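Work through the following exercises with the sequence and the structure side by side. Each task is followed by a solution that goes step by step.

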Amino acid sequence: MIDAIQDQLARIPDKTYFRIGEVAKLVGVEPYVLRFWETEFKTMVPPKSRSKQRMYRRKDLETILVVKHLLYAERFTIEGARKRLLELQRGHKAGAAEPTPEGAALLRARLLELRKLVASGCPHDVARRIVL
């Protein structure tokens with residue numbers, strides 16, 4: 001699943017925002033399908049411009065590609081795809097949020113070093129460059 005989505009993501013132009021027609025062509029579905037998915041998948045809500053056009057970001061395209069894969073390739077129902085998407089997002093957030101003991105120890109050491117530098121009267125910009 002990840003490989004197919006990564007291949008499609010690699011072909012997406014490096015832009016900040018995409019309009020619904022561009023997204024439809026990139027993903028391979030009609031614009032009305034994207035609008036329908038927005039009603040069914042609450043995590044897929046692109047911001048709108050002043051002229052009320054949907055402006056999709058790269059993150060939105062990733063979600064759309066996952067939804068398309070779940071619905072078309074893995075043959076999930078809308079409800080099943082909604083649950084699976086939620087599981088994937090929770091798993092991704094949980095994996096990213098868990099610090100390792102080594103990372104926590106390194107962070108603590110840097111914070112203690114920064115505290116010493118600030119307490120000794122070192123200017124903040126110098127302390128930032130030294131610690132980071």
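**Exercise 1.** In this predicted model, find which residues of α2 meet which residues of α3, and describe how the two helices cross.

*Solution.* Begin with the residues themselves: on the side of α2 they are Ile20, Val23 and Ala24, and these meet Pro31, Leu34 and Arg35 in α3. Next, sort the residues of this contact by class, which gives 5 nonpolar, no polar and 1 charged. Then turn to the axes, which for α2 and helix α3 (residues 31-40) come within 9 Å and cross at roughly 100°. Because angles of 65 to 115 degrees count as roughly perpendicular, α2 is described as roughly perpendicular to α3.

**Exercise 2.** Carry out the analysis for α2 and α4, stating at what angle their axes cross, which hand the crossing has and which residues meet.

*Solution.* Helix α2 covers residues 20-27 and helix α4 covers residues 58-73, and their axes come within 11 Å, crossing at roughly 45°. The hand of the crossing of α2 and α4 is right-handed. From α2, the residues Val23, Leu26 and Val27 take part, and they meet Leu61, Ile64, Leu65 and Lys68 of α4. Sorted by class, this contact of α2 with α4 comprises 6 nonpolar residues, no polar ones and 1 charged.

**Exercise 3.** Decide whether threonine 63 is buried or exposed, and list its contacts beyond its neighbours within four places in sequence.

*Solution.* First locate threonine 63, which lies in helix α4. Its relative accessibility is 12%, and since buried means under 20%, threonine 63 counts as buried. Once neighbours within four places in sequence are left aside, its contacts are Thr43, Met44, Leu85 and Gln89. As for leucine 85, this residue is 22 residues from threonine 63 in sequence, while the C-alpha atoms of the two are 8.4 Å apart in space.

**Exercise 4.** Examine the phi angles of lysine 52, arginine 75 and glycine 121, and say where each residue is placed.

*Solution.* As background, most residues other than glycine have a negative phi. Lysine 52 has a phi near 70°, a positive value in a residue other than glycine, and its place is in the loop between α3 and β2. With 63% relative accessibility, over the 50% that exposed requires, lysine 52 counts as exposed. Arginine 75, another residue that is not glycine, has a positive phi near 60° and is found in the loop between α4 and α5. Its relative accessible area is 68%, so arginine 75 is exposed.

**Exercise 5.** State how many helices and strands the protein has, and in what order the elements run.

*Solution.* Counting the elements gives 7 helices and 2 strands. Read from the N terminus on, their order is α-β-α-α-β-α-α-α-α. One of the helices, α6 (residues 101-119), has 19 residues and reaches 27 Å from its first C-alpha to its last, close to the 27 Å expected. For the protein as a whole, buried residues make up 27% of the 132 residues.

How values were computed:
Residues numbered from 1 in each chain as written. Predicted model: local features only at pLDDT ≥ 70, side-chain atom pairs only at ≥ 80, totals over all residues. Heavy atoms only, no water. Axes fitted to C-alpha atoms, helices over the stretch in contact; angles between N-to-C directions. Helix = DSSP H or I, 4+ residues; strand = E, 2+ residues; numbered from the N terminus. Left-handed = near helix turned anticlockwise from the far one by under 90°. Contact = heavy atoms within 4.5 Å. Nonpolar A, V, L, I, M, F, W, Y, C, P; charged D, E, K, R; others polar. Parallel < 35°, antiparallel > 145°, perpendicular 65-115°, else oblique. Expected span 1.5 Å × (residues − 1). Buried < 20%, exposed > 50% of the residue type's maximum accessible area, 1.4 Å probe, protein only.
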